[in-house]
Each structure stands twice: as C-alpha cells, then as structure tokens.
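Trainee: I have a model open and want to learn how to read its packing. Where do we begin?

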Amino acid sequence: YSYIWAAVLDADAYQSFRVSGLYNKEISDAFRKNILEKGGSEEAMEMYLKFKGNKPDIKSLLEKRGLH
C-alpha cells in the first residue's frame, strides 16, 4: 500500500501549488529546500512537515480521483 501513500503525498503537495499558484516562488523554494535538496538524509515525514507545516491530508487524493 505504499504506492497509495505516495499518491496521498503527491496530491497533498500539489494542492499547495494549486492553492498558491503553480509558479509561486515561496512554495517552490520550500519544496526544493525541504524535499528535493534533502534527498533521503532525513525522515520523509519530517521533511514533508517542514515543507507543508502540517501532516498530509487524504482529501486531496480523494478530490483528484473524483471521490470527494
């Protein structure tokens, strides 16, 4: 079921860009700094929390799949 969790993270992170604008520099910089630059050097959830500021929400995936 890890692929479903990856889809939750993907949809939730993308939601941040949708809300703030796809080319929002602040969100892009936070994603780059807290996710991309770190690679696997920290726990994944710690990196995600630094990027988003909160835990991932499954609602984004449900909306993406037309289930919410």
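Mentor: Begin with burial. Buried means under 20% relative accessible area, exposed over 50%, and partly exposed in between, with a 1.4 Å probe and protein chains only. This is a predicted model, where local features need pLDDT of at least 70, side-chain atom pairs count only at pLDDT 80 or more, and totals for chains, interfaces and linings use all residues. Residues are numbered from 1 along each chain as its sequence is written, and side-chain values use heavy atoms, with hydrogens and water left out.

Trainee: Is Ser60 buried or exposed?

Mentor: Buried, because its relative accessibility is 10%. Ser60 sits in helix H4, residues 59-64. Helices here are DSSP runs of H or I with at least four residues, numbered from the N terminus.

Trainee: Which residues does Ser60 touch?

Mentor: Contact means heavy atoms within 4.5 Å. Leaving out residues up to four places away in sequence, Ser60 touches Ala11, Asp12 and Gln15.

Trainee: What makes up the largest nonpolar core?

Mentor: In soluble globular proteins, nonpolar side chains tend to be buried together. A nonpolar core is a set of buried Ala, Val, Leu, Ile, Met, Phe, Trp, Tyr and Cys residues joined through side-chain atoms within 4.5 Å. The largest one here has 7 residues: Ala13, Phe17, Ile27, Ile35, Met47, Tyr48 and Phe51. Helices H1 (2-20), H2 (25-36) and H3 (44-52) each give two or more residues to this core. H3 gives the most, with 3 residues.

Trainee: How do I read the packing of H2 and H3?

Mentor: The axes of H2 and H3 come within 9 Å and cross at roughly 160°. H2 is therefore roughly antiparallel to H3; the label needs an angle over 145 degrees, while under 35 is roughly parallel, 65 to 115 roughly perpendicular and the rest oblique. From H2, Ile27, Ala30, Phe31, Asn34 and Ile35 meet Met47, Tyr48, Lys50 and Phe51 of H3.

Trainee: What about H1 and H3?

Mentor: Their axes lie 11 Å apart, at an angle of about 15°. So H1 runs roughly parallel to H3. On the H1 side, the contact uses Trp5, Leu9, Asp12, Ala13, Ser16 and Phe17; on the H3 side, Met45, Tyr48, Phe51 and Lys52.

Trainee: And which residues does Met47 contact?

Mentor: Setting aside neighbours within four places in sequence, Met47 contacts Asn34, Ile35, Lys38, Gly39 and Glu42.

Notes: Axes fitted to C-alpha atoms, helices over the stretch in contact; angles between N-to-C directions.
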